[in-house]
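Here are my notes for someone opening this structure for the first time. Have the viewer ready and go through the points in order.

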Amino acid sequence: MSLTRRQTLKLGSGGALALIISGGAGFIDRRSDGEVVSLPDDPTTTTTSTSTTTTTAAPVQVPSLPVAVDAAVIALGRRVIATTGEDDLQTLLRALPGIGDDPLVDAAAIVRDDFAQRRTVSVDGWVLAESEARAAAVVALLCEADEC
Amino acid sequence: MLTDARSLPSGTRRSADVCVIGAGAAGITLAMELMGSGLSVIVLESGGTDVEPDTQDLAAGDSVGRTLETLDNPVRLDQTRLRYLGGTTNHWAGFCRPLSPIDFEVREGLRRSGWPISHDDLLPYWDRATEWVRITDGDFGLDTWEQRLGLAAPAIGNARVEPFVFQLTYPTLFGLLYRSDLEASVDVEVMLHANVVNLATDDGRAVTAVQARTLEGISFDVTATAFVLATGGIENARILLSSTDADDSGLGNATDQVGRHFAEHLQVYAGFGVAESGAEALAGLAGDEVTIPSGRHAGNRHGAKFALGLTDDHLRDEATTGVEMQLLVGNLDAGRPAEEAGRAGTSEISALLGHRAESPESVVSLQALAEQELDPESRVGLGRATDATGMRRVELDWRYSADDRARVLGGLRTIAEAAGEAGWGRMQLIPGGVHADAIDNLVQGEYITLYSATPSEIDLDNFPIGVGFHHMCTTRMTDDRNEGVVDPDCRMHDVDNLWVAGSSVFSTPGVATPTYTIVALAVRLADHLKSVLL
Ligand SMILES: Cc1cc2nc3c(=O)[nH]c(=O)nc-3n(C[C@H](O)[C@H](O)[C@H](O)COP(=O)(O)OP(=O)(O)OC[C@H]3O[C@@H](n4cnc5c(N)ncnc54)[C@H](O)[C@@H]3O)c2cc1C
């Protein structure tokens, strides 16, 4: 299945990314004891005062999606996963900028900055910001796991 | 005055100060500019005042390289230009835009880039060309046009991408518009049905006479102090290659440059755009009409609209070639021949899409025109077959490269990214995937199936590339006679009394539609001839 114009419309103005940010990624970690863990700068390294060691990164909190998700966004997310091959929720969440830093972060600004820095991905020909594409993939994975 | 070569006795010799060959945009502009200057002018035009199949057949030839095509429909050579008074302007679309300063610069990494004259050199001539093509003036500034149209240019712009304006004539058919002036003139004679077959020469250093004949077999010639070839980007080269009195390789072709570097504009039906910001953002893309305030055509109306292009800085920094993109509003039949589909307007599209579309009026189709790098092997040559006048037919070996294709894709993506950055919306790039049956699929409601191929099926190494019907660079303007055919005055490097007009003298194709610049160069050539001859 390919993306339709309608699915892409749903991505406007931060779209799926806004959905995830407003859903509280970075604030609810359902797989831990509830301790808030913020996203490290480099998701695969932790820095101590004396050394930098590569560790298994702490899991990023999984967002709860606040509103009913449009099937179009889920379909888009599936196409992103099919295109990029990236289907690991934690990897996708770690790569999402801004999450865990500030719940009021402006999703549209993040998306625009991706475009400005040419961090884009082509999904069925649609030129999308990496952040919005990843966010759509996250939404799709969450919904597949019955979390939406 | 308008005369007909068919009424001449065979063997007639005529003479004038200036003999212009071809009465298209270039030839007519030249004649109009020379009118009243004190110089006598004979313009030899192959056709009559309307299309005639036998004459049109003289433009037929073979494509042995890439075929000229629109979508996947090959176009015959005789369909790409017209042989009668007014030439190919009898079916041009009327889009006008000057070249950019970057086009005149030598660009690192691009073969044979740059012109021997500057953008500034042409500014006064573009200004004067506005009178002949019939547009408002030479001001193509965005602010000016936002004000004149009362519409906003698309708010898409960064260091790499910027909006620009097209002025659209409606369209100016040079033969029709200037016929009465030509008829009334005493010092300019336009001779119809006069097919030039040879530029006679003794030693190859000067043309002694132009030899012409009618399809009825009447032969005659014209002598002049100055001769100007103005028969279009393909025929200019063909006539030089066919003129072999002094050298089998043709006239003015000692350095083997005549006919080389043939360039077209690469036209790509690129995909779709969805405006986040709604239909209002699209008004400037659809454009509007304005009234010409003063001058020869005061009171006439013409159109103007905004489109998107790559900035000169980006082209310079990336050593890449130009790409411009029109965002076509209410034209979701993109690519379907107009005569089959008509031009579906926004309201029909809305009705077609019905409830399936949230806001169909915020959808545009994307059509791109791109510059190709010059290739000396891309060339106009002569075939074995001859036409009814005995001239060898054209054999066109047009080439463009995988690098050209990659640069087009890069340019499209750069524009799509700028659209996202600006918050304008998203673009789907499915280059060449559009299909003539698009409208039928649209009725089915799946927007994406407007394209015959699914996006994953699009072969990015081999998608169809169409043309703009702009034949350029076959007698390039250069300082060095080893790299081109005419000097900065458009005079042949090696033939003293022969000048060339038209897009064959373009040193590089740029990405702007060519006719406005063809006309500007013709105005400039008229000034030059006056300064040389008077
Ligand atoms: C469908 C289409 C759309 C176009 N749209 C645009 C556009 O929107 N914007 C733009 O800038 N350009 C456009 N063009 C290109 C434009 O038409 C040409 O750039 C322009 O007409 C070239 O002018 P010219 O005088 O050099 O040649 P032409 O207009 O082709 O005139 C050449 C003349 O020479 C005559 N001739 C040829 N051979 C001989 C001979 N042996 N002896 C005597 N006479 C001869 C021909 O009969 C003709 O009258 C379009 C072209 C096509 C086909």
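**Notes on the model**

1. Let's start with His193(B), which counts as buried at 8% relative accessibility; buried means under 20% relative accessible area, exposed over 50%, and partly exposed in between (1.4 Å probe, protein chains only). His193(B) sits in the loop between β9 (188–192) and β10 of chain B. Its phi is near 60°, a positive value in a residue other than glycine. Helices (H or I, at least four residues) and strands (E, at least two) are DSSP runs, numbered from the N terminus.

2. Before going on, a word on the ground rules. This is a predicted model, in which local features need pLDDT of at least 70 and side-chain atom pairs count only at pLDDT 80 or more, while totals for chains, interfaces and linings use all residues. Residues are numbered from 1 along each chain as its sequence is written, chains are lettered from A and ligands numbered from 1 in the order in which they are written, and side-chain values use heavy atoms, with hydrogens and water left out.

3. Asp256(B) also has a positive phi, near 60°, and is a residue other than glycine. Look for Asp256(B) in the loop between α6 and β13 (266–275) of chain B. Is Asp256(B) buried or partly exposed? At 33% relative accessibility, Asp256(B) counts as partly exposed.

4. Next, find Arg393(B) in strand β19 (residues 392–397) of chain B. Arg393(B) is buried, at a relative accessible area of 15%. A polar atom of its side chain lies 2.7 Å from the backbone oxygen of Asp57(B). That is a polar contact: a pair of N or O atoms within 3.5 Å, where within protein one must be able to donate a hydrogen and the other to accept it, and residues adjacent in sequence count only if both atoms are side-chain atoms. Leaving aside neighbours within four places in sequence, Arg393(B) is in contact (heavy atoms within 4.5 Å) with residues including Leu58(B), Arg238(B), Gly381(B) and Asp387(B).

5. Now the ligand. It is surrounded by 36 residues, the closest being Ala26(B), Glu45(B), Thr88(B), Ala93(B) and Thr515(B); a residue is near if one of its heavy atoms lies within 4 Å. A backbone N or O atom of Ala25(B) lies 3.0 Å from a ligand oxygen atom, and one of Ala93(B) lies 2.9 Å from a ligand nitrogen atom. For Pro514(B), a backbone N or O atom is 3.3 Å from an oxygen atom of the ligand. On its own the ligand has 1000 Å² of accessible area, and the protein covers 93% of it (Shrake-Rupley method with a 1.4 Å probe; for residues, only the protein chains shown count as cover). The elements giving two or more residues to this shell are α1 (25–34), β10 (195–201), α6 (235–242) and α13 (515–533) of chain B.

6. What about the nonpolar cores, meaning sets of buried Ala, Val, Leu, Ile, Met, Phe, Trp, Tyr and Cys residues joined through side-chain atoms within 4.5 Å? The largest has 147 residues, of which Leu44(B), Leu199(B), Trp424(B) and Met427(B) touch the most other members. Its largest share, nine residues, comes from α13(B). Apart from this lies another core, of 26 residues, among them Ala136(A), Val138(A), Val139(A) and Val274(B).

7. Finally, chain A: six helices and four strands, running α-α-β-β-α-α-α-β-β-α from the N terminus. Of its 148 residues, 51% count as buried.
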